[in-house]
Amino acid sequence: MAEPKKLHIAMFPWLAFGHIIPFLELGKLIARKGHHVSFISTPRNIERLPKIPPDVAPLITLVKLPLPHVENLPENGEATTDVPHHIIPYLKKAHDGLEKPLSHFLESSSPDWIIHDFAPHWLPPIATKLGISHAFFSILKASTLCFFMIKDAQDPPTKPEHLLVPPKWVPFPTKIAFRLFEAKKIFDNYEENASGVTDIFRFMTVIQGTKALAVRTCMEIEGEWVNLLGGELHNTPVIPVSLLPPSAQESNDSSWDRIDEWLNKQEKESVVYIALGSEVEPSQEDFNELAFGLEQSGLPFFWALRKRSGSVAVELPEGDSVAQTLTLVMKDEEGKIYRDKAKEMTTIFADEDLHYRYIDKFVEFLEHQSDVHR
């Protein structure tokens with residue numbers, strides 16, 4: 001049996017590091033299978049990437065496309081972490097300005113595939129015209145996608161309250177649904193913004209005509225949802241590509257030595273880790289509640305804080321709340337169910353062989369489905 005040809009795969013993530021890093025992890029795993037990866041982003045984002053491991057560096061080309069200037073977008077604002085939340089629509093508008101330079105790159109380099117994100121609604125017809133297969137890689141889990149894959153186009157959600165219960169097209173019992181404050185935030189995706197289109201339009205447009213929907217999940221955690229997504233809700237292959245846990249990175253940061261030393265002094269399974277991510281902007285009141293609760297719980301904690309550009313500095317107070325929940329989950333007998341479930345998830349998350357098997361299947365799909373006429 002002839003060995004599949006080595007492919008050239010372009011990757012084009014949205015301009016947020018919560019998207020860029022999973023795309024990079026997927027790209028490294030594809031490169032480890034011997035395929036050439038062109039990783040495309042803007043200059044500042046490329047410069048801020050983690051170091052590419054030497055074993056795959058020769059197979060990964062970092063492609064810098066300068067971000068067009070648009071009004072209201074600050075200089076050097078090339079990722080969501082660089083700008084306040086209300087400026088992100090202008091970042092999307094600038095991202096849309098990458099249409100021509102990306103088209104030129106695809107035309108000149110002729111990759112076999114382009115794996116893209118939700119934002120470039122203009123990309124599918126370009127890829128089709130150039131004879132390039134395209135796959136949508138979602139960093140969102142399958143259950144979240146099932147909320148947005150509207151089965152009945154005549155019955156889309158019209159208010160946040162519609163997202164507080166599972167969609168009527170979910171055939172199995174589930175408690176998964178959005179809370180009201182989450183639904184209100186997500187409902188912004190259904191409203192047109194300064195970029196000129198809605199986020200849900202971007203999502204639905206790029207997913208139409210794609211040869212595959214790759215999802216950052218696994219059957220062990222979301223089997224029913226993956227089957228639903230790939231059955232009734234989407235008529236092309238839905239391929240879980242594993243949870244893509246980040247690979248260990250070499251670091252010269254001396255602060256990690258102090259952190260490691262502190263962690264080693266704590267009791268096993270006693271530390272609370274808090275990371276809200278770079279996209280979340282809690283109010284001072286929310287920070288107060290969280291900080292008071294951590295203090296009152298008496299538990300050792302490790303809190304990763306990142307201040308995004310343009311956000312207001314938040315002061316960390318001393319002392320109250322949240323403590324009861326933390327104590328329940330970490331210490332009390334009634335919270336054992338949560339600890340047991342966390343251990344179960346840890347086993348899946350840490351199973352490298354499991355994740356590699358998902359990558360093997362995805363790469364096999366890319367190899368065998370690549371357009372033979374090209």
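Helices here are DSSP runs of H or I with at least four residues, numbered from the N terminus. The model is a predicted one.

**Exercise 1.** Locate valine 165 relative to the helices, and state which surface patch includes Val165.

*Solution.* Valine 165 is found in the loop that runs between helix H6 (142-148) and helix H7 (180-186).

**Exercise 2.** Describe how helix H1 packs against helix H14, and classify the residues of their contact.

*Solution.* Two packed helices are described by the angle between their axes and the distance between the axes. For H1 (residues 17-31) and H14 (residues 352-369), the angle is about 75° and the axes are 10 Å apart. Because angles of 65 to 115 degrees count as roughly perpendicular, H1 and H14 are roughly perpendicular to each other. From H1, the residues Leu26, Leu29 and Ile30 meet Tyr356, Ile359, Phe362, Val363 and Leu366 of H14. The residues of this contact comprise eight nonpolar, no polar and no charged.

**Exercise 3.** Which side chain meets aspartate 360 in a salt bridge, and where in the chain do the two partners lie?

*Solution.* The partner of aspartate 360 is lysine 33, with an N to O distance of 2.3 Å. Aspartate 360 belongs to helix H14, whereas lysine 33 lies in the loop between H1 and strand E2 (36-41), so that the pair links distant parts of the chain, 327 residues apart. The whole structure contains 14 salt bridges.

Technical notes: Residues are numbered from 1 along each chain as its sequence is written. This is a predicted model: local features need pLDDT of at least 70, side-chain atom pairs count only at pLDDT 80 or more; totals for chains, interfaces and linings use all residues. Side-chain values use heavy atoms; hydrogens and water are left out. Patches are made of residues with over 30% relative accessible area and no salt bridge: like charges are joined within 9 Å, nonpolar side chains (Val, Leu, Ile, Met, Phe, Trp, Tyr) within 5 Å. Accessible areas come from the Shrake-Rupley method with a 1.4 Å probe; for residues, only the protein chains shown count as cover. A salt bridge is a side-chain nitrogen of Lys or Arg within 4 Å of a carboxyl oxygen of Asp or Glu. Helices (H or I, at least four residues) and strands (E, at least two) are DSSP runs, numbered from the N terminus. Axes are lines fitted to C-alpha atoms, for helices over the stretch in contact, and angles run from 0 to 180 degrees between N-to-C directions. Angles under 35 degrees count as roughly parallel, over 145 as roughly antiparallel, 65 to 115 as roughly perpendicular and the rest as oblique. Contact means heavy atoms within 4.5 Å. Ala, Val, Leu, Ile, Met, Phe, Trp, Tyr, Cys and Pro count as nonpolar, Asp, Glu, Lys and Arg as charged, and the others, Gly among them, as polar.
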